[in-house]
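Try each task before reading its solution.

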Amino acid sequence: MDSFHWTQLLNPEFYINLQIGGVPVGIYVVLFIVFAETGLFAGFFLPGDSLLFLAGIYSNELMATVMPMDSDFLNVTVLSVFVALAGIVGNTFGYWFGSKSGTYLYKKKDSFWFKKKYLIQSQEFFEKHGGRAIIFARFLPVIRTFAPIIAGVVGMEKKKFMLFNIVSSVLWAFTLIFAGHYLQELFLSWWNIDLKSYIEYIIIIIVLVTTVPLVLNAIKGNKVTEQEAVEEATDDETNIMPK
């Protein structure tokens with residue numbers, strides 16, 4: 001057995017192929033990560049998009065753990081449904097937490113697990129796009145962690161939130177998982193290239209595609225100070241009306 005190194009936690013393939021006592025637990029870890037990234041504000045550092053893309057590549061192996069099926073299509077479809085459900089539950093938990101915590105997070109001091117600037121950036125994104133932000137945020141690291149919390153904080157109507165929540169979760173899960181699965185088949189059949197041999201490059205490409213826009217936006221924007229965050233919280237306490 002290879003020795004563990006903390007850098008493995010940054011590699012989505014580590015979670016997919018994880019075994020405990022010789023028992024594969026990858027699918028359970030994938031579902032928990034999807035829930036944590038969208039339901040726990042500390043989950044912003046987890047590998048969401050690249051994890052789902054790789055889950056599509058390993059869909060048969062993942063599904064063999066809980067529900068082995070002979071059909072590739074059924075394997076990737078059921079896996080996508082499981083992931084979508086985990087995303088729906090995660091977002092719902094985030095919304096509930098936001099509605100209960102109110103402006104507490106704006107006054108919370110920064111720590112390793114929590115950065116106030118991400119919360120402010122997510123609120124600005126939410127204010128710009130409205131309810132559609134829930135859908136857009138699914139495909140943006142960091143933003144998708146805080147978007148449902150912001151929705152809860154500002155008191156977004158529950159039915160409206162759940163509609164966007166379900167649509168975004170299904171789109172996110174099915175798009176990335178199906179892309180991973182069928183691009184793997186395409187590369188194998190047309191060029192005899194196994195994408196599993198190029199996981200590192202795939203991760204780098206996905207990370208660049210999903211994070212570069214956020215980095216550029218952060219560079220253009222003003223730095224959020226702790227005082228500004230407190231003032232934002234004060235304004236929200238004044239403006240947020242009870243539903």
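Buried means under 20% relative accessible area, exposed means over 50%, and partly exposed lies in between (1.4 Å probe, protein chains only). The model is a predicted one, in which local features need pLDDT of at least 70 and side-chain atom pairs count only at pLDDT 80 or more, while totals for chains, interfaces and linings use all residues. Numbering runs from 1 along each chain as its sequence is written, and side-chain values use heavy atoms, with hydrogens and water left out.

**Exercise 1.** Find Asn192 and decide whether Asn192 counts as buried or exposed.

Solution. Start with the location: Asn192 sits in the loop between H10 and helix H11 (199–220). Helices here are DSSP runs (H or I, at least four residues), strands likewise (E, at least two), and both are numbered from the N terminus. Next, take the accessibility: Asn192 counts as exposed because its relative accessibility is 66%. Finally, look at the backbone: phi of Asn192 is near 55°, a positive value in a residue other than glycine. For background, most residues other than glycine have a negative phi.

**Exercise 2.** Describe the overall make-up of the protein.

Solution. Begin by counting elements: there are 12 helices and 2 strands. Then put them in sequence order, which gives α-β-β-α-α-α-α-α-α-α-α-α-α-α. Now turn to burial: of the 243 residues, 44% are buried. Last come the contacts (heavy atoms within 4.5 Å). Among those with a separation of 6 or more, 74% join residues 24 or more positions apart.

**Exercise 3.** Work out how H3 and H10 pack.

Solution. First, the geometry: H3 (residues 48–57) and H10 (residues 158–191) meet at an angle of about 50°, and their axes are 6 Å apart. H3 is therefore oblique to H10. The axes are lines fitted to C-alpha atoms, for helices over the stretch in contact, and angles run from 0 to 180 degrees between N-to-C directions. Under 35 degrees is roughly parallel, over 145 roughly antiparallel, 65 to 115 roughly perpendicular, and the rest oblique.

Second, the residues: H3 brings Gly48, Asp49, Leu52, Phe53, Gly56 and Ile57 to partners in H10 that include Trp172, Leu176, His181 and Gln184. By class, the contact of H3 with H10 has 9 nonpolar, 5 polar and 1 charged residues. Here Ala, Val, Leu, Ile, Met, Phe, Trp, Tyr, Cys and Pro count as nonpolar, Asp, Glu, Lys and Arg as charged, and the others, Gly among them, as polar.

**Exercise 4.** Which residues does Ser168 contact, leaving aside neighbours within four places in sequence?

Solution. Locate Ser168 in helix H10. With 0% relative accessibility, Ser168 counts as buried. Its contacts, with those neighbours set aside, are Asn91, Ile134, Ile135 and Arg138.

**Exercise 5.** Characterise the surroundings of Tyr95.

Solution. Tyr95 belongs to helix H5 (residues 72–101). Tyr95 counts as buried, since its relative accessibility is 9%. Not counting residues up to four places away in sequence, Tyr95 touches Pro148, Ile149, Ala151, Gly152, Met156, Glu157, Lys158 and Phe161.
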